[in-house]
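Biologist: I'd like to go through this model with you, one question at a time. Could you show me the sequence and the structure before we start?

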Amino acid sequence: MTRPTVPAPSRRRTIAALLALALGGFGIGATEFAAIGLLPDIAADLVPELLASDPDAAIGLTGWVITAYALGVVIGAPTIAAIAGRFPRRGLLVALAVAFTLATVATAVLPSLELVIAARVLAGLPHGAYFGVAALVAAELMGPGKRGQGVALVLAGLTVSTVIGVPIITAVGQAADWRAAYLLVAAIFAATIAAVRILVPPVAGDPDSTIRRELGAFARPQVWIAVGVGAIGFGGFFAVYSYIAPLATEEAGLTAAAVPWLLASTGVGMTLGNLLGGRLADGGTTRAVFVAFAGLAAALTLTGLAGGTPVGAAIGTFAVGFTAAALSPIIQTRLMDVAGDSQTLAAALNHSALNLGNALGAFLGGVVVAAGLGYLAPAWVGLVLAAVGVLLAVVSVLVARADDGATARASAETTERANSSANANARADANSV
């Protein structure tokens, strides 16, 4: 049974639908990254005594707000995607936007760090499924041969959010209250609900999708390797980005008012890198992965060496954002390539991978910061993680070559048996004559 096709919408309708999908990505970028620029404010509200006695420990503990969201993504992406593959995609996107709205409001109103962390886990649950389903819808709207670009356009909402949304929300949180910042994010999700419902055309789910079939992706070694490449490699970005506010003020000598500008600069890098990554992915994901990782390693090294100056911090974090964001559409396209029929799960797994990197990078960055090694140390942690990501990419290439070799040998053996059988039949016919 094949999924019903939908008549191609007009170009204007397609652009409007893509913008609606990207608005959800904008909100997701805001809710995911808002805490990064507001960690000192959140710590001052939720753990004031610890902040007064041990600021580094307080910031490291509050960093669990970032880690909790990432863990929610890791849990929710495969779970929701496996269950929801059959559902009509527009209705599913609306339901996920509703869940984002409610969980973000809960973040803004809960009184303790423990409850806020729990709310962040809930807020992360729909993240991967939203991006996964939105990517499939965008790929269908874009048409054949432009899958990577469709994925990148949806992710552009997130990266544009890092340029505009996160700095504005950070400024609001610093000027008013971090809770007001999250209420503003909830309003963005409320707008997404209306935009998706009105502008995105109805798109049927996959009628053949089952939980068993979607989870079948996990039986493919290449899926696990691709998840590992994204998780460990992208952890290098989050090791730096999670602590960009104290890096700016404590290492580079910038004021708190400069933090939104540094976030915006990093966001510009992410936006440009994401668009480049989409084009690289359409040209072949294997080469694209190595190109992106080489750039990320160089950017992390630059940040570690020069991030203690205002210019070095600005250039280094821009470069880290640019190179890391290029990985996202590459990894997502790679997962869709190797997952077979499990396309809904594959499209969502990318965000599990990236947010495993988020959790890992934020955690390990917090460890070296809490150990008193300073706010440049996470860049070196990130470099180690990026190196491990490269090693996993090499493993992926070797496994692919081994699989191709096994397939070629099996094909040759089948051909040889067929030829032998044909020759034997020919000899039998000759003898009978």
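Biologist: Let's begin with two helices, H4 and H7: at roughly what angle do their axes cross?

Modeller: Keep in mind that this is a predicted model. H4 covers residues 64–84 and H7 covers residues 127–142. Their axes come within 6 Å, and the crossing angle is roughly 50°.

Biologist: Is H4 parallel or oblique to H7?

Modeller: Roughly parallel would need an angle under 35 degrees, and roughly perpendicular starts at 65. The crossing here is roughly 50°. That makes the arrangement of H4 against H7 oblique.

Biologist: How many nonpolar, polar and charged residues does the contact of H4 with H7 have?

Modeller: On the H4 side, the contact is made by Tyr69, Val73, Ala77 and Ile80. H7 brings His127, Gly128 and Ala129, and Gly is put with the polar class here. The tally by class is five nonpolar, two polar and no charged residues.

Biologist: On to charges: which side chains meet in a salt bridge?

Modeller: Side chains of opposite charge can pair when their charged atoms come close. Searching the whole structure turns up one salt bridge. Its N to O distance is 3.2 Å, and the partners are Asp45 and Arg179.

Biologist: How many residues apart in sequence are the parts that this pair ties together?

Modeller: Asp45 belongs to helix H1 (residues 11–46), while Arg179 belongs to helix H9 (residues 178–199). The bridge therefore links parts of the chain whose separation in sequence is 134 residues.

Biologist: Is Arg179 buried or exposed?

Modeller: The cut-off for buried is under 20% relative accessible area. Asp45, at 35% relative accessibility, is partly exposed. Arg179 comes out at 16% relative accessibility, so it counts as buried.

Biologist: Which residues is Tyr243 in contact with, leaving aside its neighbours within four places in sequence?

Modeller: Tyr243 is in the loop between helix H11 (221–241) and helix H12 (244–251), and its 1% relative accessibility makes it buried. Pro378 is 135 residues away in sequence, yet the C-alpha to C-alpha distance is 8.1 Å. The contacts of Tyr243 are Ile59, Ala362, Gly365, Gly366 and Tyr375.

Biologist: Same exclusion for Thr271: what is in contact with that residue?

Modeller: Thr271 lies in helix H13, which spans residues 259–282. At a relative accessible area of 14%, Thr271 is buried. Its contacts beyond four places in sequence are Thr159, Val160 and Val163.

Biologist: How far apart in space are Val338 and Arg220, C-alpha to C-alpha?

Modeller: Val338 is part of helix H15 (residues 310–338) and is buried, with a relative accessible area of 12%. Apart from residues up to four places away, Val338 touches Arg220, Gln222 and Val223. Val338 and Arg220 are 118 residues apart in sequence, and their C-alpha separation is 7.7 Å.

Biologist: Last one: which residues is Ser396 in contact with, leaving aside neighbours within four places in sequence?

Modeller: Ser396 is found in helix H17 (residues 377–432), and 10% relative accessibility makes it buried. Trp224 is 172 residues away along the chain, with 9.6 Å between the C-alpha atoms. The contacts of Ser396 are Gln222, Ile225 and Arg334.

Methods: Residues numbered from 1 in each chain as written. Predicted model: local features only at pLDDT ≥ 70, side-chain atom pairs only at ≥ 80, totals over all residues. Heavy atoms only, no water. Axes fitted to C-alpha atoms, helices over the stretch in contact; angles between N-to-C directions. Helix = DSSP H or I, 4+ residues; strand = E, 2+ residues; numbered from the N terminus. Parallel < 35°, antiparallel > 145°, perpendicular 65-115°, else oblique. Contact = heavy atoms within 4.5 Å. Salt bridge = Lys/Arg side-chain N within 4 Å of Asp/Glu carboxyl O. Buried < 20%, exposed > 50% of the residue type's maximum accessible area, 1.4 Å probe, protein only.
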